Amino acid sequence: MALETIHPPAGVATPYTLQQLVTPCLILDADRMDRNIARLGSRLSRLGVSLRPHLKTAKSIDVARRVMKSPKGPATVSTLKEAELFAAAGVRDMIYAVGIAPAKLAHVVELRAQGADLVVTLDTVEQAKAVAEASRNAGMRIPAMIEIDCDGHRSGVAPTSQGQLLEIGQVLTAEAELRGVLTHAGDSYRGGGAEALQRFAEAERLAVVEAAKFLRAAGLPCPIVSVGSTPTAHHVENLAGVTEVRAGVFVFFDLVMAGIGACQIDDIALSVLATVIGHQREKGWIITDGGWMSLSRDRGTSKQAVDQGYGMVCDLDGDPFREIIVADANQEHGIIAVRPGSNGDLPDLAVGDRVRILPNHACATAAQHTAYHVVRGRSHAVEAHWSRFGGW
């Protein structure tokens, strides 16, 4: 798919390059992104299931159009603001995969009335009753997915809690719509190697498949059986009984995913462009304008085998410096240093030189920015400027 016409920074003529951007800013390597999308798409095709991409990382119409099956979806969102903006761009088939708060149902009704097939998620009888009441008041059957807890990670109904499953299903079927079951293998983010990730994937699959079987045996509909996490999506070997996979960060990847083993460093498509603004030579520091306001405070690699600090430092081409990380960060200052305990050498960077920093957590880092500056591979030419949004 061709890239859109670029919109340069104020005062910069097109075409423009990485050297002309105001730093810090967010860089997206479209070649890596395209490879990441193709990789998972090919894998799921072999396993015979469809992809419902989670757009919470991207929060961008331009990225969404490259990862969804069609301009209408399917898609997964994590906020109603995402649902609203994607719906305005023509996306119709969406699951809002965060437990529904009753006060938000009026917004759901509004979006559905505008033509979006927006499905809510819940795991309590109280939520189901709120959805049923909203359906009755609006004169429409609001579809809902029951979240299943596959690993005790965060939320959801245990697949063995058959009484709760049945009651929720019956409430929804009476006055709303039971669209199916979904789960998320949050524990997969602990990593543990390929065999551990395969076990997480099978536990994820079994949890929703067993829940779906129970609901169907009770005479309740369960057309969608949905699983989703980037680590399990890349390691699952059997998806029997599953209809779709939800994953999101695979589009960009990040250092946490590399530490888990879901990708390689060379797969990471996002980076933050920063400029060297000073040195503390006696401390072995290089100071940049890329602090935690641009990188985020996420330290997701701190509990992994390799701690990447606030991010891995690369040259302007995107090639990593050996053993060089953002060792510390203040609001608008990043401190580049040699990884503690390593034998790396601090690069010779002058004030004004630029670096690219790979993020720990793509979702958190991207959330600090309003746009992607799109490049390809080692090229410094910015081919497109894609807006992204935030809010709830």
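This note goes through the pockets and nonpolar cores of a predicted model.

1. Basis. Local features need pLDDT of at least 70 and side-chain atom pairs pLDDT 80 or more, while totals for chains, interfaces and linings use all residues. Numbering starts from 1 along each chain as its sequence is written, and side-chain values use heavy atoms, without hydrogens or water.

2. Largest pocket. A pocket is an open set of points on a 1 Å grid over the protein atoms alone, where a 1.4 Å probe fits, with protein on both sides within 12 Å along at least five of seven lines; lining residues have an atom within 4 Å of a point. The largest one holds about 860 Å³, a volume being the space filled by probe spheres set on the points. It is lined by 35 residues, of which Lys56, His153, Arg154, His184 and Tyr189 are closest to its centre.

3. Its lining. This lining has 17 polar, 9 nonpolar and 9 charged residues; Asp, Glu, Lys and Arg count as charged, Ala, Val, Leu, Ile, Met, Phe, Trp, Tyr, Cys and Pro as nonpolar, and the others, Gly among them, as polar.

4. Second largest pocket. Its volume is about 160 Å³. Among its 13 lining residues, Lys59, Thr79, Gly390, Gly391 and Trp392 lie closest to the centre. The lining comprises 6 nonpolar, 4 polar and 3 charged residues.

5. Largest nonpolar core. Such a core joins buried (under 20% relative accessible area, 1.4 Å probe, protein chains only) Ala, Val, Leu, Ile, Met, Phe, Trp, Tyr and Cys residues through side-chain atoms within 4.5 Å. The largest has 116 residues, and Leu28, Met94 and Phe252 are among those with the most contacts inside it.

Definitions and conventions: Buried means under 20% relative accessible area, exposed over 50%, partly exposed in between (1.4 Å probe, protein chains only).
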